[in-house]
Amino acid sequence: MKIYKDIRGYICDLTNLVWTYIHHRSAFPANAMLAVQPELACNVIDSPDNCRNCDFYAPELLITHNAAGATVPNKSVIRNIARRYYY
């Protein structure tokens, strides 16, 4: 479990998690969602059945395509999620 000093660390970790999802999507369950435990702002991409007391976000919200057409993390959505847990 990671405890974040500030919102930047949280955004960085969440962005890295999204990159992992992008590069290894087939390793995740078919029904995978981003699960965030609000009290700890702890993130995991997993089946909702494996996560209790979490806020869930569809992975499709977390990814977008850049000008070259490559799949990349959606930084705007990631920042919005981070703001929910760091006021």
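Contact is defined here as heavy atoms within 4.5 Å, and helices (H or I, at least four residues) and strands (E, at least two) are DSSP runs numbered from the N terminus. The model is predicted, so that local features need pLDDT of at least 70 and side-chain atom pairs count only at pLDDT 80 or more, whereas totals for chains, interfaces and linings use all residues. Residues are numbered from 1 along each chain as its sequence is written, and side-chain values use heavy atoms, with hydrogens and water left out.

Helix α3 spans residues 75–85, and its residues Ile 78, Ile 81, Ala 82 and Tyr 85 are buried; buried denotes under 20% relative accessible area, exposed over 50%, and partly exposed the range in between (1.4 Å probe, protein chains only). Viewed down the axis of α3, the buried residues fall within an arc of 100° and therefore line one face of the helix, the arc being that of the directions from the helix axis to the C-beta atoms. An α-helix has 3.6 residues a turn, so residues three or four places apart point the same way. The cover over the buried residues of α3 includes α1 (7–23), β1 (33–37), β3 (55–57), α2 (59–62) and β5 (71–73).

Tyr 85 is in contact with Tyr 10, Val 36, Pro 38, Ala 41, Asp 55 and Tyr 57, when neighbours within four places in sequence are left aside. Aromatic rings of Phe, Tyr and Trp (its six-membered ring) are paired if their centres lie within 6.5 Å, with planes under 30 degrees apart classed as stacked, over 60 as edge-to-face and the rest as tilted. This rule gives two aromatic pairs. In one of these pairs, the ring centres of Tyr 10 and Tyr 85 are 6.3 Å apart and the planes lie at 55°, so the pair is tilted. Tyr 10 belongs to helix α1 and Tyr 85 to helix α3, 75 residues apart, and the pair thus links distant parts of the chain. Both tyrosines, Tyr 10 and Tyr 85, are buried.

A nonpolar core is a set of buried Ala, Val, Leu, Ile, Met, Phe, Trp, Tyr and Cys residues joined through side-chain atoms within 4.5 Å. The largest such core contains 19 residues, of which Tyr 10, Leu 14, Val 18, Leu 34, Ile 45, Ile 81 and Tyr 85 touch the most other members. At least two residues of this core are supplied by each of α1, β1 and α3, and the largest share, six residues, comes from α1.

Strands are taken as paired if DSSP finds at least two bridges between them. β1 pairs with strand β2 (residues 42–46) in the antiparallel sense over five bridges, with Met 33 opposite Asp 46 and Ala 35 opposite Val 44. Four residues separate the strands of this hairpin, in which Ala 41 takes a positive phi near 50°. β1 also pairs with β3, antiparallel over three bridges, and Val 36 stands opposite Asp 55 in β3.

No disulfides (cysteine sulfur atoms within 2.5 Å) are found in the whole structure. The sulfur of Cys 12 lies 15 Å from the closest cysteine sulfur, in Cys 42, which is too far for a bond. For Cys 42, the nearest cysteine sulfur is that of Cys 54, 7.9 Å away. Cys 12 is partly exposed at 43% relative accessibility, and Cys 42 is partly exposed at 28%.
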